[in-house]
Amino acid sequence: MKSTTRRTLAAVVTGVAAAVGVSAAPAAAADAIPVPVPLNGAETALGMELPKVTGELPVPTVGAPEGPRYVEGRLLPERTLPRLPVHGGLPGADVRQPVPHVLGDNFDHAAFDAPAAGLRTLAPGLSLDAPLTPPRADALGLPAAKLPEAGVAPPAIQTIPVADLGVGPGL
């Protein structure tokens, strides 16, 4: 293929991509996936208004662990097996239920809304040290024996769930 043909083809492809709106930036990932609960068929079959129910399922994402930290006087790094952060969320729900005018004419629906709450976790980690000291100058560079050390970093969970309960007309 000639160079002029290649250039023309590249110009056409670039023009089409610009016209369509293709960009080089990646699409943003969703934090939660909406999950509707279809009750329309049951409403029709029963001849009554059923609750409107939707949910949200969070998508967990894994973060980057902290690297090992070297400490003077130890042969192995302080965080031998680092804690792995995982970010996600608690599932959410939205329920809207018709109420047959129990509380008067102003209130004909009750609603419960619990959006997906953010959740940050850290997996447990491990810290070990060898049963030898670093090389010592007074012993001609030979290490001395010592008790081995092992430690477990506990897992951590952090979240703030919220929920709203209310009544009103035509929720």
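**View 1. Glu-43, a buried residue of helix H2.** With a relative accessibility of 19%, Glu-43 counts as buried (under 20% relative accessible area, with a 1.4 Å probe and protein chains only). The residue belongs to helix H2, which spans residues 40-46; helices are DSSP runs of H or I with at least four residues, strands are runs of E with at least two, and both are numbered from the N terminus. The Glu-43 side chain reaches the backbone nitrogen of Leu-50 at 3.2 Å. Apart from residues up to four places away in sequence, Glu-43 touches Met-48, Glu-49, Leu-50 and Lys-52, where contact means heavy atoms within 4.5 Å.

The model is predicted: local features need pLDDT of at least 70 and side-chain atom pairs count only at pLDDT 80 or more, while totals for chains, interfaces and linings use all residues. Residues are numbered from 1 along each chain as its sequence is written, and side-chain values use heavy atoms, with hydrogens and water left out.

**View 2. Asp-129 in strand S8.** Strand S8 covers residues 125-129 and includes Asp-129. This residue counts as buried, at 4% relative accessibility. The side chains of Asp-129 and Lys-146 are joined by a polar contact of 2.6 Å (a pair of N or O atoms within 3.5 Å; within protein, one must be able to donate a hydrogen and the other to accept it, and residues adjacent in sequence count only if both atoms are side-chain atoms). Beyond its neighbours within four places in sequence, Asp-129 is in contact with Arg-74, Leu-75, Leu-76, Lys-146, Pro-148 and Glu-149.

**View 3. The chain around these sites.** The chain has two helices and eleven strands. Of its 171 residues, 13% count as buried.

Methods: Buried < 20%, exposed > 50% of the residue type's maximum accessible area, 1.4 Å probe, protein only.
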